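Trainee: I'd like to learn how to read a structure like this one. Could we go through it together, one feature at a time?

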Amino acid sequence: MPMTPAEARVNLSAIRENVALLRERSQGAETMAVVKSDGYGHGLAASARASLAGGATRLGTAYIREALALRAEGITAPVMAWIIPPGEPLEEAIVQGIDLSAGAVWLVDAIAEAAGRTGRTARVHLKVDTGIRRGGASGAEWPTLVERAMKRQVEGTVEVVGLWSHLACADMPGHPSIDIQLDAFDDAVAVAKRAGIGGSHVIRHLANSAAVLTLPRARYDMVRPGLAVFGLSPIPEMGDFGLRPAMTLVARIAMAKRVPAGAGVSYGHTYLTGRETTLGLVPLGYADGIMRHAGNLAEVFAGGRRHRVAGRVCMDQFVIDVGDDPLTEGDEVIVFGDGSLGEPTLQEWADSLGTITHEIVTRIGSRVPRVYH
Ligand SMILES: *Cc1c(COP(=O)(O)O)cnc(C)c1O
């Protein structure tokens, strides 16, 4: 394999083990591994396969397009998609057996009509908004949504296979909204049951990674972890929960050179060398997902030591100052990894940049090949 300037190494056994750990924590509930946004940047199909190998029984994506991409990869496991604006390829999704979320009457109707055209029955999960106020029917609209779905079920175009919601503050254990949302969910399930939607084929699901790990009451029939599948902690203040980060981002030094003291580095000269020193050019930039804000702030690992990014991050490159350490072209730099060699973790990157790991890992650009091991 040719050397690439940079690559994201994805440890598939870490994904398998993380899913196995989450399964154990969810005590009998089914596990849907959420692999939206290209498997949180780790690669859609490989993440999906590793998750299934780890014991996930279903896959979740935001968009139908992502669910169809899983089918195109030959993945036949149950898949659900939940962000469905008007104009989406509903018929194709139904033909491909994708479970669809519906949180509004218009969408139940659109799905039913699309199913009618295909001659199949659409599998639908009704979504109730219990307090995050994104998608889903509000408590007031819920009975109408349930009634419409029932009507469509009787006519044979729709089968309700799930009832679901999403928590706003699961990563803030003890937040008062959590119990309020869980109570609202229980009420919504009861309303559906009275309308005739219930039984063991209708699964209830609510828990993201944080809830799987900290909220036994939220597990219901299935959990939907995403971040934790990839070994990243949903509640960093509570530690790593035994999860193992799956991605290591590496680059090879493109150029190394000695420069004198007082030399300005990169655009704007926001970094000045303190003395004669060796600079190394790292071939990754903000186009690859290294946030510009990381300049003079975040650290990488080279030659057995950590070095701060020197000066501004450019589109395709940034610079490190390694002092008198030996450094030559082709040397490997670890931007972040699981920390086992002393390299920064993605969590440390997120902390130093004032963001969350999700944001960094999902933005690693398409120029960076994902390499699986
Ligand atoms: C992204 C997402 C998840 C997974 O969330 P994590 O916090 O990454 O575990 C679960 N459910 C829905 C609806 C989502 O959009």
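Predicted model: local features only at pLDDT ≥ 70, side-chain atom pairs only at ≥ 80, totals over all residues.

Trainee: Now the whole chain. How many helices and strands does it have?

Mentor: There are 11 helices and 19 strands. The chain has 373 residues, and 54% of them count as buried. Along the principal axes, the C-alpha atoms fill a box of roughly 80 × 45 × 35 Å. For the fold, look at contacts between residues at least 6 apart in sequence: 66% of these join residues at least 24 apart.

Trainee: Which domains does the assignment give?

Mentor: It gives domain 1 (12–230) and domain 2 (247–372). Taken over C-alpha atoms, their centres are separated by 38 Å. As for where they touch, 8 residues of domain 1 are in contact with 7 residues of domain 2.

Trainee: Where does the largest pocket lie?

Mentor: For a pocket, ask who supplies the lining. Here both domain 1 and domain 2 give residues to it, so the largest pocket lies between them. Its space comes to about 1,000 Å³. The lining has 45 residues, and K36, W82, I132, R134 and H166 are the ones nearest the centre. By class, that lining divides into 22 nonpolar, 15 polar and 8 charged residues. Among the elements that supply at least two lining residues each are helix 2 (36–40), helix 6 (105–118) and helix 10 (346–353).

Trainee: And what volume does the second largest pocket have?

Mentor: About 330 Å³. It is lined by 20 residues, with S266, L281, C314, Q317 and V319 closest to its centre. Two or more lining residues come from each of strand 11 (255–259), strand 12 (264–265), strand 14 (277–282) and strand 17 (318–323). The class count for this lining is 12 nonpolar, 4 polar and 4 charged.

Trainee: Back to helix 10, then. Which of its residues are buried?

Mentor: L346, Q347, W349, A350 and L353. The next step is to look down the helix axis: those buried residues fall within an arc of 160°, so they line one face of helix 10. Their cover includes strand 15 (299–302), strand 18 (332–336) and helix 11. Just after the helix, G354 takes a positive phi of about 70°.

Trainee: How many residues of helix 3 are buried?

Mentor: Helix 3 (residues 44–53) is mostly covered, with 7 of its 10 residues buried. They are L44, A45, A46, S47, A48, A50 and S51. What covers them includes helix 1 (12–25), strand 2 (30–34), helix 4 (64–72) and strand 19 (370–372).

Trainee: What follows helix 3?

Mentor: G55 follows it, with a positive phi near 115°.

Definitions and conventions:
Residues numbered from 1 in each chain as written. Heavy atoms only, no water. 1 Å grid on protein atoms, 1.4 Å probe; cavity = no way out; pocket = protein on both sides within 12 Å on 5 of 7 lines; lining within 4 Å. Points joined across faces, edges and corners; volume = space filled by probe spheres on them. Helix = DSSP H or I, 4+ residues; strand = E, 2+ residues; numbered from the N terminus. Nonpolar A, V, L, I, M, F, W, Y, C, P; charged D, E, K, R; others polar. Domains from an automatic or database assignment. Buried < 20%, exposed > 50% of the residue type's maximum accessible area, 1.4 Å probe, protein only. Arc of directions from axis to C-beta. Contact = heavy atoms within 4.5 Å.
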